[in-house]
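User: I would like a quick walk through this model, by question and answer. Please give the cut-offs as you go.

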Amino acid sequence: MWRSSETYIYQWYKDDRRKPLVIRGARQVGKTTLVRICAQKLGLELVEINLEKPFRFTQALATGDPKKVIELIEFELNIDISPDKSLLFFDEVQSV
């Protein structure tokens, strides 16, 4: 199912000066599904982090240091995050 929001996400992704994207909306309307579909269509590895689950790195989010947060995520989840090939998706952000 195509959503007009997909077009917006593709445009955001192509912008070299993009900043983090916040997707807001009512519960259960397909925000997470939208991100999954776009990551797949863009050929990106989706690193999906549901912040309702306990992670040790969440305390580092308050530092505002993205490099440190990404290092801690990579260590905790035993993955490599590539700036060119990965899409980092924090779901349920309101939990922290």
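Analyst: The largest nonpolar core has 10 residues: Ile 9, Tyr 10, Trp 12, Leu 34, Val 35, Cys 38, Ala 39, Leu 44, Leu 87 and Phe 89. A nonpolar core is a set of buried Ala, Val, Leu, Ile, Met, Phe, Trp, Tyr and Cys residues joined through side-chain atoms within 4.5 Å. This is a predicted model: local features need pLDDT of at least 70, side-chain atom pairs count only at pLDDT 80 or more, and totals for chains, interfaces and linings use all residues. Residues are numbered from 1 along each chain as its sequence is written, and side-chain values use heavy atoms, with hydrogens and water left out.

User: Which element gives the largest share of this core?

Analyst: Helices (H or I, at least four residues) and strands (E, at least two) are DSSP runs, numbered from the N terminus. Helix 1, helix 2 (31–42) and strand 2 (86–91) each supply at least two core residues. The largest share, 4 residues, comes from helix 2.

User: What is the angle between the planes of Phe 55 and Phe 57?

Analyst: Rings of Phe, Tyr and Trp (its six-membered ring) pair if their centres lie within 6.5 Å; planes under 30 degrees apart count as stacked, over 60 as edge-to-face and the rest as tilted. Phe 55 is buried at 17% relative accessible area, and Phe 57 is buried at 1%; buried means under 20%, exposed over 50%, partly exposed in between (1.4 Å probe, protein chains only). Their centres are 5.2 Å apart, and the pair is tilted, with the planes at 35°.

User: Is Lys 41, which meets Glu 6 in a salt bridge, buried or exposed?

Analyst: A salt bridge puts a side-chain nitrogen of Lys or Arg within 4 Å of a carboxyl oxygen of Asp or Glu. Here the N to O distance is 3.1 Å. Glu 6 is buried, at 1% relative accessible area. Lys 41, at 55%, is exposed.

User: How many residues apart in sequence are Glu 48 and Arg 36?

Analyst: Their side chains meet in a salt bridge at 2.7 Å, N to O. Glu 48 lies in strand 1 and Arg 36 in helix 2, so the pair ties together parts separated in sequence by 12 residues.
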